[in-house]
Protein chains: 2
Amino acid sequence: MKFYDCKTAPSPRRVRVFIAEKGIDIETVQVDLGSGEQFSEAFRRINPDCVVPVLELDDGTILTEVVAICDYLESLYPEPPLMGKTPLERASVLMWNAKVEQLGLWAMAEAFRNSVKGLSNQAVTGPDSYPQIPELAERGRQRVARFFERLDDELAERDFLAGSFYSMADISALVVVDFAAWIKIAVPEEAVNLKRWYGAVASRPSAVG
Amino acid sequence: MKFYDCKTAPSPRRVRVFIAEKGIDIETVQVDLGSGEQFSEAFRRINPDCVVPVLELDDGTILTEVVAICDYLESLYPEPPLMGKTPLERASVLMWNAKVEQLGLWAMAEAFRNSVKGLSNQAVTGPDSYPQIPELAERGRQRVARFFERLDDELAERDFLAGSFYSMADISALVVVDFAAWIKIAVPEEAVNLKRWYGAVASRPSAVG
(Lines give C-alpha, C1' and ligand atoms only; values in the text may rest on other atoms or scores of the structure.)
Protein backbone atom coordinates (compact mmCIF):
# COMPACT_ATOMS: atom_id res chain seq x y z
CA MET A 1 0.00 0.00 0.00
CA LYS A 2 1.00 3.60 -0.51
CA PHE A 3 -0.32 6.57 1.47
CA TYR A 4 -0.39 9.98 -0.23
CA ASP A 5 -0.04 12.55 2.53
CA CYS A 6 0.71 16.22 3.04
CA LYS A 7 2.34 17.07 6.35
CA THR A 8 0.80 20.55 6.57
CA ALA A 9 -2.84 19.76 5.70
CA PRO A 10 -5.57 18.76 8.18
CA SER A 11 -7.38 15.97 6.29
CA PRO A 12 -4.40 13.68 5.67
CA ARG A 13 -3.30 14.20 9.28
CA ARG A 14 -6.44 12.36 10.36
CA VAL A 15 -5.19 9.28 8.49
CA ARG A 16 -1.61 9.81 9.69
CA VAL A 17 -2.71 9.75 13.33
CA PHE A 18 -4.91 6.71 12.64
CA ILE A 19 -1.97 4.83 11.10
CA ALA A 20 0.26 5.77 14.04
CA GLU A 21 -2.35 4.48 16.50
CA LYS A 22 -2.50 1.19 14.61
CA GLY A 23 1.29 0.93 14.74
CA ILE A 24 1.47 -0.06 11.10
CA ASP A 25 4.07 0.86 8.56
CA ILE A 26 2.82 2.14 5.19
CA GLU A 27 4.95 3.67 2.47
CA THR A 28 4.18 7.38 2.52
CA VAL A 29 4.46 9.89 -0.32
CA GLN A 30 4.33 13.61 0.43
CA VAL A 31 2.23 15.62 -2.03
CA ASP A 32 3.28 19.26 -2.04
CA LEU A 33 -0.05 21.08 -1.89
CA GLY A 34 1.79 24.40 -1.45
CA SER A 35 3.30 24.21 -4.93
CA GLY A 36 0.12 22.79 -6.50
CA GLU A 37 1.36 19.24 -7.01
CA GLN A 38 -2.24 18.02 -6.50
CA PHE A 39 -3.15 19.63 -9.84
CA SER A 40 -0.39 17.87 -11.80
CA GLU A 41 -1.33 15.40 -14.52
CA ALA A 42 0.41 12.65 -12.55
CA PHE A 43 -1.63 13.26 -9.40
CA ARG A 44 -4.91 13.78 -11.26
CA ARG A 45 -4.52 10.24 -12.55
CA ILE A 46 -4.37 9.08 -8.92
CA ASN A 47 -7.21 11.29 -7.66
CA PRO A 48 -9.18 13.48 -10.09
CA ASP A 49 -10.56 15.37 -7.06
CA CYS A 50 -7.00 16.67 -6.49
CA VAL A 51 -7.00 16.11 -2.74
CA VAL A 52 -5.13 14.05 -0.18
CA PRO A 53 -5.31 11.67 1.64
CA VAL A 54 -5.24 8.82 -0.86
CA LEU A 55 -4.52 5.17 -0.12
CA GLU A 56 -3.27 3.21 -3.11
CA LEU A 57 -3.57 -0.55 -2.74
CA ASP A 58 -1.03 -2.97 -4.17
CA ASP A 59 -3.31 -3.82 -7.11
CA GLY A 60 -3.62 -0.12 -7.96
CA THR A 61 -7.06 0.39 -6.41
CA ILE A 62 -7.44 3.94 -5.16
CA LEU A 63 -9.24 4.83 -1.94
CA THR A 64 -9.92 8.45 -1.04
CA GLU A 65 -11.96 10.10 1.75
CA VAL A 66 -10.77 9.76 5.32
CA VAL A 67 -13.68 7.67 6.59
CA ALA A 68 -13.25 5.12 3.80
CA ILE A 69 -9.49 4.82 4.24
CA CYS A 70 -9.81 4.43 8.02
CA ASP A 71 -12.61 1.87 7.70
CA TYR A 72 -10.50 -0.18 5.29
CA LEU A 73 -7.43 -0.06 7.54
CA GLU A 74 -9.61 -1.04 10.52
CA SER A 75 -10.75 -4.14 8.59
CA LEU A 76 -7.15 -5.10 7.79
CA TYR A 77 -5.72 -4.21 11.20
CA PRO A 78 -8.50 -4.51 13.79
CA GLU A 79 -6.23 -3.82 16.79
CA PRO A 80 -6.39 -1.47 18.55
CA PRO A 81 -10.01 -0.76 17.55
CA LEU A 82 -10.56 2.87 16.51
CA MET A 83 -13.97 2.54 14.83
CA GLY A 84 -15.92 0.83 17.63
CA LYS A 85 -16.29 -2.88 18.35
CA THR A 86 -20.09 -3.35 18.48
CA PRO A 87 -22.71 -2.14 15.98
CA LEU A 88 -23.72 0.64 18.37
CA GLU A 89 -20.13 1.69 19.06
CA ARG A 90 -19.45 1.75 15.32
CA ALA A 91 -22.51 3.90 14.73
CA SER A 92 -21.48 6.24 17.52
CA VAL A 93 -18.00 6.67 16.00
CA LEU A 94 -19.43 7.32 12.53
CA MET A 95 -21.98 9.74 14.01
CA TRP A 96 -19.41 11.76 15.93
CA ASN A 97 -16.98 11.71 13.06
CA ALA A 98 -19.72 13.11 10.80
CA LYS A 99 -20.68 15.77 13.37
CA VAL A 100 -17.03 16.82 13.73
CA GLU A 101 -16.79 17.13 9.95
CA GLN A 102 -19.99 19.11 9.48
CA LEU A 103 -19.90 21.34 12.53
CA GLY A 104 -16.14 21.72 12.81
CA LEU A 105 -13.94 20.63 9.93
CA TRP A 106 -15.94 21.98 7.00
CA ALA A 107 -16.61 25.24 8.85
CA MET A 108 -12.89 25.58 9.55
CA ALA A 109 -12.05 24.84 5.92
CA GLU A 110 -14.53 27.53 4.83
CA ALA A 111 -12.92 30.04 7.17
CA PHE A 112 -9.41 29.15 6.02
CA ARG A 113 -9.89 28.75 2.28
CA ASN A 114 -12.05 31.85 1.91
CA SER A 115 -9.53 34.13 3.62
CA VAL A 116 -5.96 32.95 3.01
CA LYS A 117 -4.16 34.99 0.38
CA GLY A 118 -2.56 32.11 -1.48
CA LEU A 119 -5.95 30.48 -2.12
CA SER A 120 -7.72 33.49 -3.66
CA ASN A 121 -9.08 31.37 -6.52
CA GLN A 122 -9.14 28.04 -4.69
CA ALA A 123 -11.86 28.64 -2.14
CA VAL A 124 -13.08 25.07 -2.61
CA THR A 125 -10.74 22.05 -2.67
CA GLY A 126 -10.55 20.31 -6.01
CA PRO A 127 -9.66 21.04 -9.60
CA ASP A 128 -12.11 23.91 -10.20
CA SER A 129 -11.44 27.55 -9.44
CA TYR A 130 -13.86 29.37 -7.17
CA PRO A 131 -13.23 32.89 -5.85
CA GLN A 132 -13.18 33.51 -2.13
CA ILE A 133 -16.30 34.74 -0.31
CA PRO A 134 -15.16 36.85 2.67
CA GLU A 135 -18.58 36.62 4.38
CA LEU A 136 -18.25 32.84 4.31
CA ALA A 137 -14.84 33.03 6.00
CA GLU A 138 -16.41 35.03 8.81
CA ARG A 139 -19.34 32.66 9.11
CA GLY A 140 -16.93 29.71 9.26
CA ARG A 141 -15.06 31.35 12.14
CA GLN A 142 -18.28 31.86 14.09
CA ARG A 143 -19.26 28.25 13.51
CA VAL A 144 -15.89 26.89 14.69
CA ALA A 145 -16.20 28.91 17.91
CA ARG A 146 -19.69 27.46 18.44
CA PHE A 147 -18.36 23.99 17.69
CA PHE A 148 -15.84 24.29 20.52
CA GLU A 149 -18.66 25.22 22.92
CA ARG A 150 -20.63 22.23 21.67
CA LEU A 151 -17.66 19.87 22.16
CA ASP A 152 -17.18 21.20 25.67
CA ASP A 153 -20.82 20.45 26.54
CA GLU A 154 -20.58 16.93 25.14
CA LEU A 155 -17.30 16.14 26.86
CA ALA A 156 -18.80 17.06 30.23
CA GLU A 157 -20.67 13.77 29.98
CA ARG A 158 -18.00 11.30 28.90
CA ASP A 159 -14.27 10.85 28.37
CA PHE A 160 -14.22 10.71 24.57
CA LEU A 161 -16.54 11.81 21.80
CA ALA A 162 -18.09 8.46 20.89
CA GLY A 163 -18.15 7.06 24.44
CA SER A 164 -15.68 5.83 27.03
CA PHE A 165 -13.16 4.83 24.36
CA TYR A 166 -10.72 6.79 22.14
CA SER A 167 -11.73 6.58 18.48
CA MET A 168 -11.44 8.00 14.99
CA ALA A 169 -13.94 10.69 16.00
CA ASP A 170 -11.44 12.01 18.56
CA ILE A 171 -8.72 12.04 15.92
CA SER A 172 -10.93 14.17 13.65
CA ALA A 173 -11.70 16.61 16.47
CA LEU A 174 -8.05 16.84 17.50
CA VAL A 175 -7.16 17.87 13.97
CA VAL A 176 -9.84 20.60 14.02
CA VAL A 177 -8.63 22.00 17.34
CA ASP A 178 -5.00 22.11 16.21
CA PHE A 179 -5.66 23.49 12.72
CA ALA A 180 -7.98 26.19 14.13
CA ALA A 181 -4.83 28.04 15.17
CA TRP A 182 -4.47 28.95 11.47
CA ILE A 183 -7.75 30.85 11.64
CA LYS A 184 -6.72 32.21 15.06
CA ILE A 185 -9.36 30.40 17.08
CA ALA A 186 -8.28 28.70 20.28
CA VAL A 187 -10.13 26.59 22.82
CA PRO A 188 -11.56 29.10 25.31
CA GLU A 189 -10.18 29.08 28.87
CA GLU A 190 -13.57 28.22 30.35
CA ALA A 191 -14.00 25.09 28.20
CA VAL A 192 -12.63 22.84 30.92
CA ASN A 193 -14.04 19.60 29.53
CA LEU A 194 -12.67 20.24 26.09
CA LYS A 195 -9.31 21.14 27.61
CA ARG A 196 -9.24 17.93 29.67
CA TRP A 197 -10.07 15.88 26.56
CA TYR A 198 -7.50 17.75 24.47
CA GLY A 199 -4.81 17.08 27.08
CA ALA A 200 -5.58 13.37 26.83
CA VAL A 201 -5.67 13.05 23.04
CA ALA A 202 -2.90 15.50 22.17
CA SER A 203 -0.45 13.77 24.53
CA ARG A 204 -0.77 10.43 22.76
CA PRO A 205 2.38 9.65 20.73
CA SER A 206 0.24 9.45 17.57
CA ALA A 207 -0.58 13.17 17.80
CA VAL A 208 3.00 14.23 17.11
CA GLY A 209 3.10 13.26 13.44
CA MET B 1 -36.93 1.86 17.35
CA LYS B 2 -38.37 5.15 16.21
CA PHE B 3 -37.37 7.04 13.06
CA TYR B 4 -37.74 10.83 13.03
CA ASP B 5 -38.32 11.80 9.42
CA CYS B 6 -39.47 14.74 7.33
CA LYS B 7 -41.10 13.79 4.04
CA THR B 8 -39.97 16.96 2.22
CA ALA B 9 -36.28 17.08 3.25
CA PRO B 10 -33.38 15.41 1.41
CA SER B 11 -31.31 14.01 4.32
CA PRO B 12 -34.02 11.91 5.99
CA ARG B 13 -35.08 10.63 2.58
CA ARG B 14 -31.72 8.86 2.35
CA VAL B 15 -32.65 6.83 5.43
CA ARG B 16 -36.23 6.35 4.23
CA VAL B 17 -35.02 4.78 0.98
CA PHE B 18 -32.48 2.66 2.90
CA ILE B 19 -35.23 1.35 5.21
CA ALA B 20 -37.48 0.58 2.23
CA GLU B 21 -34.66 -1.36 0.54
CA LYS B 22 -34.17 -3.40 3.71
CA GLY B 23 -37.90 -4.14 3.81
CA ILE B 24 -38.07 -3.38 7.51
CA ASP B 25 -40.86 -1.73 9.44
CA ILE B 26 -39.85 1.07 11.82
CA GLU B 27 -42.24 3.39 13.63
CA THR B 28 -41.90 6.75 11.89
CA VAL B 29 -42.55 10.22 13.29
CA GLN B 30 -42.84 13.18 10.93
CA VAL B 31 -41.05 16.32 12.15
CA ASP B 32 -42.54 19.42 10.56
CA LEU B 33 -39.44 21.35 9.50
CA GLY B 34 -41.63 23.87 7.67
CA SER B 35 -43.21 25.10 10.90
CA GLY B 36 -39.93 24.94 12.85
CA GLU B 37 -40.76 21.88 14.95
CA GLN B 38 -37.05 20.98 14.95
CA PHE B 39 -36.41 24.01 17.18
CA SER B 40 -39.01 23.03 19.79
CA GLU B 41 -37.83 22.17 23.29
CA ALA B 42 -39.19 18.66 22.84
CA PHE B 43 -37.15 18.00 19.69
CA ARG B 44 -34.01 19.69 21.03
CA ARG B 45 -34.00 17.10 23.79
CA ILE B 46 -33.92 14.43 21.07
CA ASN B 47 -31.34 16.15 18.87
CA PRO B 48 -29.70 19.41 19.98
CA ASP B 49 -28.47 19.87 16.40
CA CYS B 50 -32.15 20.36 15.41
CA VAL B 51 -31.97 18.16 12.31
CA VAL B 52 -33.50 14.95 11.02
CA PRO B 53 -33.00 12.05 10.45
CA VAL B 54 -32.81 10.66 13.98
CA LEU B 55 -33.06 7.01 14.99
CA GLU B 56 -34.16 6.50 18.59
CA LEU B 57 -33.40 3.03 19.94
CA ASP B 58 -35.69 1.22 22.38
CA ASP B 59 -33.42 2.08 25.32
CA GLY B 60 -33.57 5.77 24.41
CA THR B 61 -30.17 5.93 22.69
CA ILE B 62 -30.17 8.55 19.95
CA LEU B 63 -28.40 8.10 16.64
CA THR B 64 -28.13 10.97 14.18
CA GLU B 65 -26.21 11.39 10.90
CA VAL B 66 -27.25 9.35 7.89
CA VAL B 67 -24.07 7.27 7.62
CA ALA B 68 -24.28 6.23 11.28
CA ILE B 69 -27.97 5.32 11.12
CA CYS B 70 -27.49 3.30 7.93
CA ASP B 71 -24.42 1.52 9.29
CA TYR B 72 -26.35 0.54 12.42
CA LEU B 73 -29.35 -0.72 10.44
CA GLU B 74 -26.97 -2.67 8.17
CA SER B 75 -25.53 -4.43 11.25
CA LEU B 76 -29.01 -5.33 12.50
CA TYR B 77 -30.45 -6.25 9.10
CA PRO B 78 -27.57 -7.37 6.85
CA GLU B 79 -29.82 -8.38 3.92
CA PRO B 80 -29.90 -7.07 1.30
CA PRO B 81 -26.42 -5.56 1.76
CA LEU B 82 -26.33 -1.83 1.03
CA MET B 83 -22.95 -0.95 2.58
CA GLY B 84 -20.73 -3.50 0.81
CA LYS B 85 -19.92 -7.06 1.82
CA THR B 86 -16.11 -7.09 1.82
CA PRO B 87 -13.70 -4.60 3.43
CA LEU B 88 -12.96 -3.09 0.01
CA GLU B 89 -16.63 -2.89 -0.98
CA ARG B 90 -17.42 -1.24 2.35
CA ALA B 91 -14.65 1.31 1.83
CA SER B 92 -15.87 1.97 -1.69
CA VAL B 93 -19.41 2.64 -0.44
CA LEU B 94 -18.17 4.95 2.31
CA MET B 95 -15.88 6.73 -0.16
CA TRP B 96 -18.61 7.34 -2.71
CA ASN B 97 -21.10 8.31 -0.07
CA ALA B 98 -18.61 10.88 1.23
CA LYS B 99 -17.91 12.20 -2.28
CA VAL B 100 -21.63 12.54 -2.98
CA GLU B 101 -22.01 14.49 0.26
CA GLN B 102 -19.09 16.82 -0.30
CA LEU B 103 -19.36 17.41 -4.04
CA GLY B 104 -23.13 17.18 -4.34
CA LEU B 105 -25.25 17.25 -1.22
CA TRP B 106 -23.52 20.03 0.72
CA ALA B 107 -23.19 22.14 -2.42
CA MET B 108 -26.90 21.68 -3.10
CA ALA B 109 -27.74 22.57 0.50
CA GLU B 110 -25.62 25.72 0.18
CA ALA B 111 -27.46 26.70 -2.99
CA PHE B 112 -30.88 26.02 -1.46
CA ARG B 113 -30.47 27.43 2.05
CA ASN B 114 -28.68 30.58 0.89
CA SER B 115 -31.40 31.52 -1.58
CA VAL B 116 -34.82 30.32 -0.41
CA LYS B 117 -36.93 33.13 1.06
CA GLY B 118 -38.23 31.23 4.08
CA LEU B 119 -34.69 30.46 5.28
CA SER B 120 -33.35 34.02 5.27
CA ASN B 121 -31.81 33.59 8.74
CA GLN B 122 -31.32 29.83 8.60
CA ALA B 123 -28.61 29.53 5.97
CA VAL B 124 -26.98 26.73 7.97
CA THR B 125 -28.96 23.82 9.45
CA GLY B 126 -29.02 23.77 13.22
CA PRO B 127 -30.11 25.94 16.13
CA ASP B 128 -28.03 29.03 15.29
CA SER B 129 -29.12 31.83 12.98
CA TYR B 130 -26.86 32.70 10.06
CA PRO B 131 -27.86 35.14 7.33
CA GLN B 132 -27.88 34.01 3.71
CA ILE B 133 -24.88 34.63 1.46
CA PRO B 134 -26.16 35.03 -2.13
CA GLU B 135 -22.68 34.44 -3.62
CA LEU B 136 -22.57 31.09 -1.86
CA ALA B 137 -25.93 30.10 -3.34
CA GLU B 138 -24.54 30.79 -6.81
CA ARG B 139 -21.33 28.88 -6.09
CA GLY B 140 -23.37 25.94 -4.82
CA ARG B 141 -25.34 25.87 -8.07
CA GLN B 142 -22.16 25.83 -10.12
CA ARG B 143 -20.78 23.00 -8.02
CA VAL B 144 -23.93 20.87 -8.36
CA ALA B 145 -23.77 21.25 -12.15
CA ARG B 146 -20.12 20.12 -12.07
CA PHE B 147 -21.04 17.23 -9.79
CA PHE B 148 -23.51 15.92 -12.38
CA GLU B 149 -20.74 16.00 -15.02
CA ARG B 150 -18.47 14.15 -12.61
CA LEU B 151 -21.12 11.49 -11.90
CA ASP B 152 -21.65 11.03 -15.62
CA ASP B 153 -17.93 10.41 -16.13
CA GLU B 154 -17.78 7.90 -13.29
CA LEU B 155 -20.90 6.03 -14.38
CA ALA B 156 -19.43 5.49 -17.84
CA GLU B 157 -17.19 2.93 -16.18
CA ARG B 158 -19.58 0.92 -14.02
CA ASP B 159 -23.26 0.32 -13.26
CA PHE B 160 -23.39 1.89 -9.81
CA LEU B 161 -21.30 4.40 -7.89
CA ALA B 162 -19.40 2.03 -5.62
CA GLY B 163 -19.05 -0.79 -8.15
CA SER B 164 -21.29 -3.35 -9.83
CA PHE B 165 -23.75 -3.33 -6.91
CA TYR B 166 -26.46 -0.88 -5.77
CA SER B 167 -25.55 0.70 -2.42
CA MET B 168 -26.11 3.50 0.04
CA ALA B 169 -23.91 5.74 -2.14
CA ASP B 170 -26.48 5.44 -4.95
CA ILE B 171 -29.25 6.35 -2.53
CA SER B 172 -27.38 9.50 -1.54
CA ALA B 173 -26.81 10.48 -5.17
CA LEU B 174 -30.46 9.79 -6.10
CA VAL B 175 -31.55 12.20 -3.39
CA VAL B 176 -29.21 14.89 -4.73
CA VAL B 177 -30.48 14.50 -8.30
CA ASP B 178 -34.13 14.68 -7.24
CA PHE B 179 -33.74 17.55 -4.78
CA ALA B 180 -31.71 19.57 -7.31
CA ALA B 181 -35.04 20.36 -8.99
CA TRP B 182 -35.59 22.80 -6.08
CA ILE B 183 -32.56 24.78 -7.20
CA LYS B 184 -33.66 24.33 -10.83
CA ILE B 185 -30.75 22.13 -11.89
CA ALA B 186 -31.54 19.04 -13.94
CA VAL B 187 -29.38 16.25 -15.30
CA PRO B 188 -28.19 17.52 -18.70
CA GLU B 189 -29.44 15.73 -21.83
CA GLU B 190 -25.93 14.70 -22.86
CA ALA B 191 -25.20 12.96 -19.53
CA VAL B 192 -26.22 9.58 -20.91
CA ASN B 193 -24.47 7.49 -18.24
CA LEU B 194 -26.01 9.47 -15.41
CA LYS B 195 -29.41 9.18 -17.09
CA ARG B 196 -29.05 5.40 -17.47
CA TRP B 197 -28.06 5.08 -13.78
CA TYR B 198 -30.90 7.38 -12.71
CA GLY B 199 -33.40 5.30 -14.64
CA ALA B 200 -32.23 2.21 -12.78
CA VAL B 201 -32.19 3.65 -9.24
CA ALA B 202 -35.27 5.90 -9.52
CA SER B 203 -37.43 3.02 -10.76
CA ARG B 204 -36.78 0.88 -7.68
CA PRO B 205 -39.86 0.75 -5.44
CA SER B 206 -37.78 2.23 -2.58
CA ALA B 207 -37.41 5.52 -4.49
CA VAL B 208 -41.10 6.36 -4.26
CA GLY B 209 -41.22 7.13 -0.55
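**A note on the two-chain model**

1. Touching, or being in contact, is meant here as two residues having their C-beta atoms, placed from the backbone, within 7 Å. A:Met108 and B:Met108 touch the most other members of the largest nonpolar core, which has 126 residues. Such a core is a set of buried Ala, Val, Leu, Ile, Met, Phe, Trp, Tyr and Cys residues joined through C-beta atoms within 7 Å. Apart from that core lies another, of eight residues, including A:Val124, A:Ile133, B:Ala123 and B:Ile133. As background, nonpolar side chains tend to be buried together in soluble globular proteins.

2. A word on how to read this. This is a predicted model, in which local features need pLDDT of at least 70 and side-chain atom pairs count only at pLDDT 80 or more, while totals for chains, interfaces and linings use all residues. Residues are numbered from 1 along each chain as its sequence is written, and chains are lettered from A and ligands numbered from 1 in the order in which they are written.

3. Now look at chain A as a whole. Chain A has seven helices and four strands, and along the sequence they follow the pattern β-α-β-α-β-β-α-α-α-α-α. Helices (H or I, at least four residues) and strands (E, at least two) are DSSP runs, numbered from the N terminus. Along the principal axes, the C-alpha atoms of chain A fill a box of roughly 50 × 45 × 25 Å. The radius of gyration of chain A is 17 Å, which agrees with the value near 17 Å for a compact globule of 209 residues. That radius is taken over C-alpha atoms, and the globule rule is 2.2 Å times the number of residues to the power 0.38.

4. How much of chain A counts as buried? The share is 49% of its 209 residues. Buried means that 20 or more other C-beta atoms lie within 10 Å of a residue's own; exposed means 12 or fewer, and partly exposed is in between, with C-beta atoms placed from the backbone. Among contacts in chain A with a separation of 6 or more, 64% join residues 24 or more positions apart.

5. Chain A is divided into domain 1 (2-76) and domain 2 (87-204), with bounds from an automatic or database domain assignment. The centres of the two domains, taken over C-alpha atoms, are separated by 20 Å. Eleven residues from domain 1 and nine residues from domain 2 make the contact. On the domain 1 side, α1 (10-22) and α3 (66-76) each give two or more residues, with the largest share, five residues, coming from α1(A).

6. A:Asn47 sits in the loop between α2 (41-46) and β3 (54-56) of chain A. Buried or exposed, how does A:Asn47 count? A:Asn47 counts as buried because it has 20 C-beta neighbours inside 10 Å. Beyond residues up to four places away in sequence, A:Asn47 touches A:Val54, A:Ile62 and A:Thr64. For contrast, B:Glu190 lies in the loop between α6 and α7 (192-202) of chain B and is exposed, with 9 other C-beta atoms within 10 Å.

7. Next, the place where the chains meet: 27 residues of chain B are in contact with 27 residues of chain A. In chain B, β4 (62-64), α3 (66-76), α4 (87-113) and α5 (134-155) each supply at least two residues of that side. The largest share, eight residues, comes from α4(B). By class, the side of chain B that touches chain A has 15 nonpolar, three polar and nine charged residues. Here Ala, Val, Leu, Ile, Met, Phe, Trp, Tyr, Cys and Pro count as nonpolar, Asp, Glu, Lys and Arg as charged, and the others, Gly among them, as polar.

8. A rotation of 180° with 0.0 Å of shift along its axis superposes chain B on chain A (RMSD 0.0 Å), which is the relation of a two-fold axis. The C-alpha of B:Leu136 is the one in chain B nearest the axis, 3.9 Å from it. The superposition is by least squares on the C-alpha atoms of residues with pLDDT of at least 70 in both copies. The copies meet through the same surface, because 100% of the interface residues of chain B are also interface residues in chain A.

9. Finally, follow α3(B), which is largely enclosed by the rest of the structure because nine of its eleven residues are buried. Among the buried ones are B:Val66, B:Cys70 and B:Glu74. The cover over the buried residues of α3(B) includes α4 (87-113) of chain A, along with α1 (10-22), β3 (54-56), β4, α4 and α6 (168-179) of chain B.
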